[in-house]
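Here are some notes to read alongside the model. Take a look at the structure first, then go through the points in order.

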Amino acid sequence: MKTKSGAKSRILEAVHETAGDLHRLGFIDKRKMRKFDALCLDPIPQYDGEKIRALRDHLQVSQAVLAAVLNTSVSTVRKWEIGDKHPSGPSLKLLNLLDRKGLEAVI
């Protein structure tokens, strides 16, 4: 688990490690362990139009290509960039993945 420095992350790291041990011993089921995993994940940052445009420029792709990679429409990407809409759900997670790992991680 990747953690940030600070008291909260150390506590979450300890809780996650304990939950993992309990899961391996059979005291916590898979569903409960997933909840602990989700609790300890870093939050997904929000992407505004400027950040999406900068990401697209960095990746050197058009709106159409970004839309295809994210499995959304070109008009949706256009609306994100001008600020009429904001990405959410799977699109937000994929944008974050593109931002962190690059285009090769998604294709």
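1. A word on naming before anything else: helices (H or I, at least four residues) and strands (E, at least two) are DSSP runs, numbered from the N terminus.

2. Some ground rules. This is a predicted model, where local features need pLDDT of at least 70 and side-chain atom pairs count only at pLDDT 80 or more, while totals for chains, interfaces and linings use all residues. Residues are numbered from 1 along each chain as its sequence is written, and side-chain values use heavy atoms, with hydrogens and water left out.

3. Not counting residues up to four places away in sequence, Val61 touches Arg56, Leu66 and Leu103 (contact means heavy atoms within 4.5 Å). Lys79 is 18 residues away from Val61 in sequence, and the two are 17 Å apart in space, C-alpha to C-alpha.

4. Gln60 is also placed in the loop between helix 3 and helix 4, but Gln60 counts as exposed, at 71% relative accessibility. Have a look at the backbone here: Gln60 is not a glycine, although its phi is positive, about 60°.

5. The loop between helix 4 and helix 5 holds Asn71. Its phi is near 55°, a positive value in a residue other than glycine. Asn71 is exposed, with 72% relative accessible area.

6. Now for the inside. The largest nonpolar core has 15 residues, and Leu66, Leu95 and Leu98 are those with the most contacts inside it (a nonpolar core is a set of buried Ala, Val, Leu, Ile, Met, Phe, Trp, Tyr and Cys residues joined through side-chain atoms within 4.5 Å). Two or more residues of this core come from each of helix 3 (49–59), helix 4 (63–70), helix 5 (74–82) and helix 6 (89–101). Helix 4 gives the largest share, four residues. As for Leu66, leaving aside its neighbours within four places in sequence, its contacts are Ile52, Arg56, Val61, Val77 and Leu98.

7. How do helix 4 and helix 5 cross? Their axes come within 8 Å and cross at roughly 110° (axes are lines fitted to C-alpha atoms, for helices over the stretch in contact, and angles run from 0 to 180 degrees between N-to-C directions). Helix 4 is therefore roughly perpendicular to helix 5 (angles under 35 degrees count as roughly parallel, over 145 as roughly antiparallel, 65 to 115 as roughly perpendicular and the rest as oblique). On the helix 4 side, Gln63, Ala64, Leu66, Ala67 and Leu70 make the contact, and helix 5 contributes Val74, Val77, Arg78, Trp80 and Glu81.

8. Asn96 belongs to helix 6 and is buried, with 8% relative accessibility. Leaving aside neighbours within four places in sequence, Asn96 is in contact with Ile44, Pro45 and Tyr47. Asn96 and Tyr47 are 49 residues apart in sequence, yet 8.4 Å apart in space, C-alpha to C-alpha.

9. Finally, Lys35: this residue sits in helix 2 (residues 30–40) and counts as exposed, at 54% relative accessibility. The C-alpha atoms of Lys35 and Ser73 are separated by 32 Å, and the two are 38 residues apart along the chain.

Note on methods:
Buried < 20%, exposed > 50% of the residue type's maximum accessible area, 1.4 Å probe, protein only.
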